[in-house]
Number of protein chains: 2
Amino acid sequence: MRKSIYLGLVHFPVYNKNVDVVSTSVTNFDIHDISRTCRTYDISQYHIIIPVDAQKSLTERIINYWQDGFGANYNKDREEAFERTKVYDSIKKSIEEIKKIENKNPILITTSAKIFNNSISYSELSELSEKIFSDDNPYLLLFGTGWGLTDEIMDLSDYILNPIRGNAEYNHLSVRSAVSIILDRLLGEN
Amino acid sequence: MRKSIYLGLVHFPVYNKNVDVVSTSVTNFDIHDISRTCRTYDISQYHIIIPVDAQKSLTERIINYWQDGFGANYNKDREEAFERTKVYDSIKKSIEEIKKIENKNPILITTSAKIFNNSISYSELSELSEKIFSDDNPYLLLFGTGWGLTDEIMDLSDYILNPIRGNAEYNHLSVRSAVSIILDRLLGEN
């Protein structure tokens, strides 16, 4: 079983609608839905990346509720999902944590609703999927909230995944749906 | 382009944790995330099935906000996503509506986190996917909230999809994630 794939949900730095760099709010469903999806695909850790102190402590309180509070007894599945969910201030801190665990820097995979020069197509995705399963590098998959990760972060990426297309022109999936589909395409049974 | 695939999110009748038949609450993210996913995969209509009047009118108010209210101007993508989102009292009403549009009864596909005698496996899924694209029957994909669709509804199904496995034992995805992954497996580019 692959054990060194990490996923980060980035609340800063991301763009807003007007392409300003902002910090977005954590939503409760980002914590729950993505923790459950990560657990299903055996992601090593899910990092919620948020530098705002009040947001950080609220997020930690929610995670603790389902880990140690009433929630842990009420719903064991949720407790299990939240075991690997952590909160970090920045992408840098998230990468440092991975390096500490894995003894090397993770390979960075980002996703975007836009196409970049170094974006990889759907067919190249299955090659990447094989590579992820066969080599022993740690990987960090980064997803942006708001209107997406800043160009600065995209420039740091080893791989950029193409925007998800269903079978229509419309491609404005929620980040929760995008995470689910990409993990299934990369790591799912097939 | 396939134009007669419908998706229903069922709030009643579903099981709760203690296997009582209940009606669950509509959550805002069920409306937003699933409308956006349905639009991405070109689903004809997304039916939110909820018999409770107060819940029904709240749901309709949220949809209208993004269709006609402030939201429609603020976010055109969301307006587009919500164009095909409708609220119905019951599965029966949802099927009647589809029959009115398509002039025949839809083939019923349900999904479950449990395995039934007539569940179909992942490899049979791609055959079903081809069938969906090649025949001209309408299809209705039903997803249960809470602890899943009642056995009575499962008995009515033409196809039951196997629970989604990632690459771990854990399979407690949110219904929003399950919808995303199943639509991608059935209808996505590949």
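Biologist: What rotation superposes chain A on chain B?

Modeller: In this predicted model, a rotation of 180° with 0.0 Å of shift along its axis brings chain A onto chain B, at an RMSD of 0.0 Å. The two copies are therefore related as by a two-fold rotation axis.

Biologist: And what share of the contact residues of chain A recur in chain B?

Modeller: The figure is 100%, and the same surface serves both copies.

Biologist: How many residues are in contact on each side?

Modeller: There are 37 residues of chain A in contact with 37 residues of chain B. The area buried between the two chains is about 3800 Å², and carbon and sulfur atoms give 50% of that area.

Biologist: Which three residues supply more of the area that chain A buries than any other three?

Modeller: They are A:Asn167, A:Tyr170 and A:Glu189, which supply 21% of the area that chain A buries against chain B.

Biologist: How many salt bridges are found across the interface?

Modeller: The rule finds 4 salt bridges between chain A and chain B. A salt bridge joins the side chains of B:Arg185 and A:Asp184, with 2.6 Å from N to O.

Biologist: Let us turn to the fold. In what order do the strands of the sheet in chain A run?

Modeller: The order is β5-β4-β1-β8-β6-β9-β7, making an open sheet of 7 strands with parallel pairing. Its edge strands are β5 (85–88) and β7 (119–120), each of which pairs on one side only.

Biologist: Over how many bridges do β1 and β8 of chain A pair?

Modeller: Strand β1 (residues 5–10) and strand β8 (residues 139–144) pair over 6 bridges, in the parallel sense. One of the residues involved is A:Val10, whose bridge partner in β8(A) is A:Gly144.

Biologist: Which strands does helix α5 of chain A touch?

Modeller: Helix α5 (residues 91–102) packs on the sheet and touches β1, β4, β5, β6 (107–111) and β8 of chain A. Its direction makes about 160° with that of β4(A). Helix α1 (residues 28–40) of chain A lies across β1, β4 (45–49) and β5, running at about 155° to β4(A).

Biologist: One residue of α5 interests me, A:Lys92. Is A:Lys92 buried or exposed?

Modeller: A:Lys92 counts as exposed, because its relative accessibility is 59% and the cut-off for exposed is over 50%.

Biologist: How far apart are the C-alpha atoms of A:Lys92 and A:Ile49?

Modeller: They are separated by 9.7 Å, although A:Lys92 and A:Ile49 are 43 residues apart along the chain.

Key: Residues are numbered from 1 along each chain as its sequence is written. Chains are lettered from A and ligands numbered from 1 in the order in which they are written. This is a predicted model: local features need pLDDT of at least 70, side-chain atom pairs count only at pLDDT 80 or more; totals for chains, interfaces and linings use all residues. Side-chain values use heavy atoms; hydrogens and water are left out. Two strands pair if DSSP finds at least two bridges between them. Helices (H or I, at least four residues) and strands (E, at least two) are DSSP runs, numbered from the N terminus. Contact means heavy atoms within 4.5 Å. Axes are lines fitted to C-alpha atoms, for helices over the stretch in contact, and angles run from 0 to 180 degrees between N-to-C directions. Copies are superposed by least squares on the C-alpha atoms of residues with pLDDT of at least 70 in both. Buried means under 20% relative accessible area, exposed over 50%, partly exposed in between (1.4 Å probe, protein chains only). Buried area is the accessible area (1.4 Å probe) that two parts lose on being put together, summed over both.
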